[in-house]
Amino acid sequence: MVATQKQQLYFEDVKVGDEVTPLTKGPMSPMHLMRWSAAIENWHRIHYDERFAKEHDKLPERLVNGSWKQHVMVQMMKDWLGPEGWLWKISFQFRGMDLVWDTVTAWGRVTKTYVKEGLGFVECEIGMRNQRGEEGTPGTAVGVLPLRGGRKVPYPFVPPSE
Amino acid sequence: MAEQPETYITDEVRSYIGRQSEPVTAWDAVEPGAVRRFIQAIMDDDPIYWDPEAARARGFERPVAPPLYPGFTFRRPPGTPDPLDRVKENPDYDGIGAGGGTGLPPIPNLPVRTLNGGVEAEFFALARHGDRITAQSRYVDIYEREGRSGKMVFIVTETTYTNQDGQVLAKVRNTTIRR
């Protein structure tokens, strides 16, 4: 068994400026990129064909898939919100390129908190940086947390009425 | 560099905004083996993705798949033309579009090089092992920006993923950059 159980985060535990627990993956070798491409049957050559990436697409190297990075951002938020929390919204842009052999760290910071219909909402600024310190994936996320002694976050999740 | 037109956003290209695909149901169900390969590739061993007991303890009837998994169930069905055959004509085929696709018609006369521009997702429920996912997509926006190496075209699509019970799992907006 993998020990992923930790203490549930409650809305009252979170304040603006708090850090989301960061999540690091890598170095991303060609094997990691190949494993991802194979798992999703995506044969876009810029992720595993060095000659194609450099000569045809004029890239500095094979790229770490944006389609892979998005799950790292999601995993960071999901793990931080805990089993009773819910990742409602997430968005990010792939602005920078992460290259084969890079190590990436997803990070987040709380920018706003509010209670609506008995649930705690936590807005975050999120991003991903590599070992060179390059920020390439700016975004935002909205998580939902229970209040201490409050109602459970409904599943399936029902967004609050506007 | 190949010569670029004054704009890629012609009236014809603009006419694709708002177009919606028919709902498409993935040929594959959400298979435990496919979920295993997927979570091993993203390196997330959360037991709700593979352990029935852990999933039940968290209120799921059976193991589930990661929030963005539904979009990855759309693989090429058997009995359809092999897109990798394109290398016979064009050894520089980039390998894009070899999956099941979104069901949206391709937009003609855009630059050939493709990048993933970004994602905007809203989650309501997780796909369970065994679920059958249906997707419906539409073109939300198509616009152009001047980049360092010339014009870039941004294509925004929104896809709604539903399970076989009609439960909406997620709405995902993807931005594709053609340059």
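This is a predicted model: local features need pLDDT of at least 70, side-chain atom pairs count only at pLDDT 80 or more; totals for chains, interfaces and linings use all residues.
**Entry 1: chain A by itself**

I began with the make-up of chain A and counted three helices and five strands. Reading from the N terminus, I wrote the order down as β-α-α-α-β-β-β-β. Next I boxed the C-alpha atoms along the principal axes and got roughly 60 × 35 × 30 Å. I then asked what share of the 162 residues in chain A is buried. The answer came out at 42%. I also looked at contacts in chain A with a separation of 6 or more, and 69% of them join residues 24 or more positions apart.

**Entry 2: the sheet**

How many strands form the sheet, and in what order? I found 10 strands in an open sheet, with antiparallel pairing. At the edges I noted β1 (19–25) of chain A and β1 (24–25) of chain B, each of which pairs on one side only.

Then I looked at what packs on this sheet, and helix α3 (residues 66–81) of chain A does. I listed its touching partners in chain A as β1, β2 (86–93), β3 (104–116), β4 (119–130) and β5 (139–145), and in chain B as β2 (114–123). The direction of α3(A) makes about 140° with that of β1(A).

**Entry 3: strand pairs in chain B**

I followed a few pairings inside chain B. Strands β4 (residues 150–162) and β5 (residues 168–178) of chain B run antiparallel and share 10 bridges. One pair I marked there is Thr157(B), whose bridge partner in β5(B) is Asn174(B). On β2(B), I found nine bridges to β5(B), again antiparallel. Leu115(B) sits opposite Ile177(B) of β5(B).

**Entry 4: where the chains meet**

Which strands pair across the two chains, and over how many bridges? I found β2(A) and β2(B) pairing in the antiparallel sense, over five bridges. I noted two residue pairs here: Ser91(A) is opposite Glu120(B), and Gln93(A) has Gly118(B) as its bridge partner.

Looking at the whole contact, I counted 35 residues of chain A touching 35 residues of chain B. On the chain A side, α1, α3 and β2 each supply at least two residues. I checked which element gives the largest share, and it is α3(A), with eight residues. By residue type, I sorted the chain A side into 18 nonpolar, 11 polar and six charged.

**Entry 5: helix α1 of chain A**

I finished with α1 (residues 30–40) of chain A and asked which of its residues are buried. My list reads His32(A), Leu33(A), Trp36(A), Ser37(A) and Ile40(A).

The buried residues of α1(A) pack against α3 of chain A and α2 (32–42) of chain B.

How values were computed: Residues are numbered from 1 along each chain as its sequence is written. Chains are lettered from A and ligands numbered from 1 in the order in which they are written. Two strands pair if DSSP finds at least two bridges between them. Helices (H or I, at least four residues) and strands (E, at least two) are DSSP runs, numbered from the N terminus. Two residues are in contact if their C-beta atoms, placed from the backbone, lie within 7 Å. Axes are lines fitted to C-alpha atoms, for helices over the stretch in contact, and angles run from 0 to 180 degrees between N-to-C directions. A residue is buried if 20 or more other C-beta atoms lie within 10 Å of its own, exposed if 12 or fewer, and partly exposed in between; C-beta atoms are placed from the backbone. Ala, Val, Leu, Ile, Met, Phe, Trp, Tyr, Cys and Pro count as nonpolar, Asp, Glu, Lys and Arg as charged, and the others, Gly among them, as polar.
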